[in-house]
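Please look over the chain shown below before reading on.

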Amino acid sequence: MQAPGQTHDAPLDALLGRYAAGALDPALHALVAAHLEMKPDNRSFVRALEGLEADRLLETPATPMNGREAVLARIFAEAPSRSQPARTAHGSELPFAIRRFIGRDLNGVAWKSLLPGVRECKFGSTDGAEASLLWIGAGKAVPSHTHDGAETTLVLRGAFSDLHGHYEPGDIAFADSDVDHKPVVDKGGDCICFAVTEGHLHLTGPVGRIIDRFFGPR
Ligand code: ZN
């Protein structure tokens with residue numbers, strides 16, 4: 001199922017626009033590059049954005065761009081990209097952009113258990129954005145939480161749902177301080193995500209508040 005807003009909604013438009021303009025921090029740049037490996041159809045959208053004036057995009061990062069319908073019409077008139085998804089390039093389980101960013105493949109990740117069924121590996125922060133991989137077991141949930149800033153999550157394997165949609169490999173989920181959610185992984189298999197957070201997460205459930213100090217910034 002297509003996650004609501006995954007086609008070309010305002011947050012994704014803005015993220016792809018900032019990517020096309022070269023305005024993303026390295027972690028988000030890697031996240032978008034990996035998304036484009038996994039969703040080759042969006043490459044033509046980015047190419048169209050790259051043809052627009054970058055300064056104008058930077059001035060309107062969070063609102064639908066002018067002439068959006070004309071750009072979309074031109075994109076969808078094009079033949080689909082012949083490029084193939086590169087998520088398993090060279091036998092890797094991670095998209096190339098993620099592998100290059102974290103400097104290792106999945107089997108080299110030093111997971112740290114956060115909660116039963118939830119493992120994480122953090123890769124430090126750049127420009128105030130912290131990158132991490134999350135491995136959440138089939139049917140498990142991340143405790144309810146909200147955010148100080150933006151949280152951008154790319155699904156690499158498996159799928160999860162929250163109140164806002166169902167996210168499959170290659171989909172990007174957006175959350176911010178207005179969003180209090182509890183992502184639940186599908187029962188069919190474990191879910192691995194690459195997340196970039198600006199600001200801290202805050203657990204909001206009754207148990208969550210108690211364990212926030214474990215799950216929160218360290
Ligand atoms: Zn979140």
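Which residues are buried in H3? They are Asn42, Arg43, Ser44, Phe45, Val46, Ala48 and Leu49, where buried means under 20% relative accessible area, exposed means over 50%, and partly exposed lies in between (1.4 Å probe, protein chains only). Because seven of the ten residues of helix H3 (residues 41-50) are buried, H3 is largely enclosed by the rest of the structure.

This is a predicted model, in which local features need pLDDT of at least 70 and side-chain atom pairs count only at pLDDT 80 or more, while totals for chains, interfaces and linings use all residues. Residues are numbered from 1 along each chain as its sequence is written, and side-chain values use heavy atoms, with hydrogens and water left out.

**The chain as a whole**

The chain holds seven helices and eleven strands; these are DSSP runs numbered from the N terminus, with helices (H or I) of at least four residues and strands (E) of at least two. Of its 218 residues, 47% count as buried. The chain exposes about 10600 Å², and carbon and sulfur atoms supply 53% of that area, computed by the Shrake-Rupley method with a 1.4 Å probe.

| Item | Value |
|---|---|
| Helix H1 | residues 10-20 |
| Helix H2 | residues 26-38 |
| Angle between H1 and H2 | about 110° |
| Distance between the axes of H1 and H2 | 10 Å |

That angle makes H1 roughly perpendicular to H2. Axes are lines fitted to C-alpha atoms, for helices over the stretch in contact, and angles run from 0 to 180 degrees between N-to-C directions; those of 65 to 115 degrees count as roughly perpendicular, under 35 as roughly parallel, over 145 as roughly antiparallel and the rest as oblique. The contact (heavy atoms within 4.5 Å) involves Leu12, Leu15, Leu16, Arg18 and Tyr19 of H1, and Leu28, His29, Val32, Ala33, His35 and Leu36 of H2.

His35 of helix H2 is buried, with a relative accessible area of 0%. Apart from neighbours within four places in sequence, His35 is in contact with Leu12, Leu16, Asn42, Leu154, Gly170 and Ile172.

His147 and His181 are both buried.
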